[in-house]
Amino acid sequence: MITRFSFIGLLQGVWLWAWWRLVNDTTPWFPLSLPTKEALLYLGLAAPLSAYLTASHPTLSAKKRRYIIAGVAVLFALLGWWDGWMWIQPESPDRRLLLVHMLFPNLLPAGVLGFMLIPLLMHFDMHSKRWSYHALFETAWRNIIACLSAAILTGLFWGVLHSSAALFKLIGVDFLEIQLQKPFFVSALSGVAFGGGIAFSFVRAELIVSLRRFACLLQSWLLPLMLMFIAIWVASLLFTGVGPLFATKSAAFILLWCMALCIAYANAVYQDGQTPPPFGTKLNRIIAWLWLCLPVLLFLAWQAMGMRIAQHGWTEDRVWGVFVLLNVSLYVLGYSWSAWRKSAWLGSIGTTNIVTAVFMSLGLLALLSPLASPSRIAANSQIERLLAQKITPETFDYDHLRWHAGKYGLQALQNLANGVDHPMRALIASNAKISLSQKSAYQNQPQNVQGDVPLRELIRPIPDSAVLEDALLKAISDNRRDDNCRWSTSNCVVWFVDLDDNGSKEAILFSKQPGYFISTVFERQGEQYRRIGVLRNMLTVNDWGRLISDLEQNNFKLVPYKWRDIELAGKRSSVIPE
């Protein structure tokens, strides 16, 4: 088995190396479309892993195993093709950004789908139309420990190779070090080591059982401790209320994390349902009743998530967050059901886990395919908020649609550029056209697509009653490093405020750029305006929406500087606070 799996790993390593060449080479020896490239990536990952994870199982026939491997390979190739199609960009795409989208966003949920789908396919009984929880438990734990062991072994293997290379280099032999820097050898040797590590884990199956029991035993004693703290926290809500919780703006994540820990620890105690809990009878009953505190956390998590969606609409992260929350809800409520019954300790864990695994697999298939694409849901939600005037054209994130929402974002931008039913449709169309014209998400000098548009129409004064004088517009235009409003995807505002308390208001130009924004201060001198400096602050582009909101609501205060400047050696120095 070790030889066979090592050979499969070698083939996988060569496959992934060839894929890397196809993606990175500016003049590839075999040009392929982006969807085809990503389909090959998913195929190169899914087919060998399904071959590994279905091996050495006594109840799985060779014919059914071949069907599972082929089915998983085809399914993931199709998911990869769809994901690649989503990120096809018109004209001169940003290769760095596309590579990031190909490598990271969907690989984690796709990996989770694969780990859950393979045991479900392996152990579904066609005659009884159901699964054996014991078989699913054994296979899932076997596969997880085998992959973790193989990953650790691969890391140790590379530690040996690099140590040996350094040893040979001490005597002037650098052949091994040179080879280890070549992508082909890195990919091929990593595949061999990983495949061999999987095989070694399966050969030593008794080690997997021992590791599983040891890991579950360690985690099992954390369950009563975690539930005790949660019960105290729930009781504390009677005195503190939920205001401080929601004020953190990360309530849903924290609550989800705590519930996920409880679910993991409960499974460590329950295992396959055939091992009695390590606690006494009284403590078992107390733990079962303490579990009923988790629906309180679940309710608050849904409330926090609902508040964020109501305030800011759907985003890709919130779509995934709601999906995770749905699965956690199944776990928490399913486990809670058995707390009311006098059967085995949390006896509904097995059935709940099977139902949730099927739901999660179907949900992941929908989210990773056109059926329920998070990019489509998020893009439609943000467009609806813009048209309903829940968000202003200045604070709308056009760049996200351009570079982070795939085909749906591009289509939404094109619709905005063509004109929509909105009082500020001209500004929206202009910003959408600028975003569509970008060839890179990181570009600092976009094309001058608004060269003929008067600068006055590209800048919004705050307060709205303020007048953009010709002298101020000339000062902005004369300073080329400040005349970014013609290139910005959204968003130039001038805020008038008296900074030095002399009765004359200064003008601060806030210009949002891809990834950052510029704050420039202009002072009126007679009939002219002069650039006197920049506003040094700790704000980032993520603070743009709050910045505009605070300016509109006059929510600011002028704070006198604490320290005077110092003149040393003919030059002026200022104290910059930590």
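These are my notebook entries on a predicted model of one protein chain.

**Entry 1: the chain overall**

I began with the counts. The protein chain has 22 helices and nine strands. Of its 578 residues, 46% are buried. I also looked up how far along the sequence the contacts reach. Taking contacts between residues at least 6 apart in sequence, 71% join residues at least 24 apart.

**Entry 2: helix 1 against helix 2**

Helix 1 covers residues 2–24 and helix 2 covers residues 34–53. Their axes cross at roughly 170 degrees and come within 10 Å. Angles over 145 degrees count as roughly antiparallel, so helix 1 and helix 2 get that label.

I then listed who touches whom. Helix 1 brings Phe5, Ile8, Gly9, Gln12, Trp15, Leu16, Trp19, Leu22 and Val23. From helix 2 come Lys37, Glu38, Leu40, Leu41, Leu43, Gly44, Leu45, Pro48, Ala51 and Tyr52. Sorted by class, I get 14 nonpolar, three polar and two charged residues in this contact.

**Entry 3: Ser50**

I stayed in helix 2 for one more residue, Ser50. Is Ser50 buried or exposed? Its relative accessibility is 0%, so I put Ser50 down as buried. What does Ser50 contact once its neighbours within four places in sequence are left aside? I find Ile69, Val72 and Ile118. I also checked the distance from Ser50 to Ile68, which is 18 residues away in sequence; C-alpha to C-alpha, the two are 7.7 Å apart.

**Entry 4: helix 17 against helix 19**

I logged the crossing of helix 17 and helix 19 as right-handed.

On the helix 17 side, the contact is made by Ser375, Arg376, Ala379, Ile383 and Leu386. On the helix 19 side I have Tyr408, Gly409, Ala412 and Leu416. The class tally for helix 17 with helix 19 is six nonpolar, two polar and one charged.

**Entry 5: strands 3 and 4**

Then I turned to a strand pair. Strand 3 (residues 460–462) runs parallel to strand 4, and three bridges join them. Within this pairing, Pro461 stands opposite Val494 of strand 4.

Strand 4 takes in residues 492–497, and I count it as mostly covered, with six of its six residues buried. Which residues of strand 4 sit on each of its faces? One side has Cys492, Val494 and Phe496, and the other has Val493, Trp495 and Val497. Both faces are covered.

Which peptide bond did I flag as cis? I flagged the bond from Ile462 to Pro463, with omega near 0 degrees. Pro463 is in the loop that runs between strand 3 and helix 21 (470–478).

I noted two residues with positive phi. Gln389 is not a glycine, yet its phi is near 60 degrees. Gln389 lies in the loop between helix 17 and helix 18 (398–404). Its relative accessibility is 52%, so Gln389 counts as exposed.

Asn554 also has a phi near 60 degrees, a positive value in a residue other than glycine. I found Asn554 in the loop between helix 22 (544–552) and strand 8 (566–568). With a relative accessible area of 55%, Asn554 is exposed.

**Entry 6: Leu558**

My last stop was Leu558, in the loop between helix 22 and strand 8. I read a relative accessible area of 48% for Leu558, which means partly exposed. Not counting residues up to four places away in sequence, Leu558 touches Val497, Asp498 and Leu499. Val497 is also on my list of buried residues in strand 4. How many residues apart along the chain are Leu558 and Asp501? I make it 57, with 9.8 Å separating their C-alpha atoms.

Key: Residues numbered from 1 in each chain as written. Predicted model: local features only at pLDDT ≥ 70, side-chain atom pairs only at ≥ 80, totals over all residues. Heavy atoms only, no water. Left-handed = near helix turned anticlockwise from the far one by under 90°. Helix = DSSP H or I, 4+ residues; strand = E, 2+ residues; numbered from the N terminus. Contact = heavy atoms within 4.5 Å. Nonpolar A, V, L, I, M, F, W, Y, C, P; charged D, E, K, R; others polar. Axes fitted to C-alpha atoms, helices over the stretch in contact; angles between N-to-C directions. Parallel < 35°, antiparallel > 145°, perpendicular 65-115°, else oblique. Buried < 20%, exposed > 50% of the residue type's maximum accessible area, 1.4 Å probe, protein only. Pairing = 2+ DSSP bridges.
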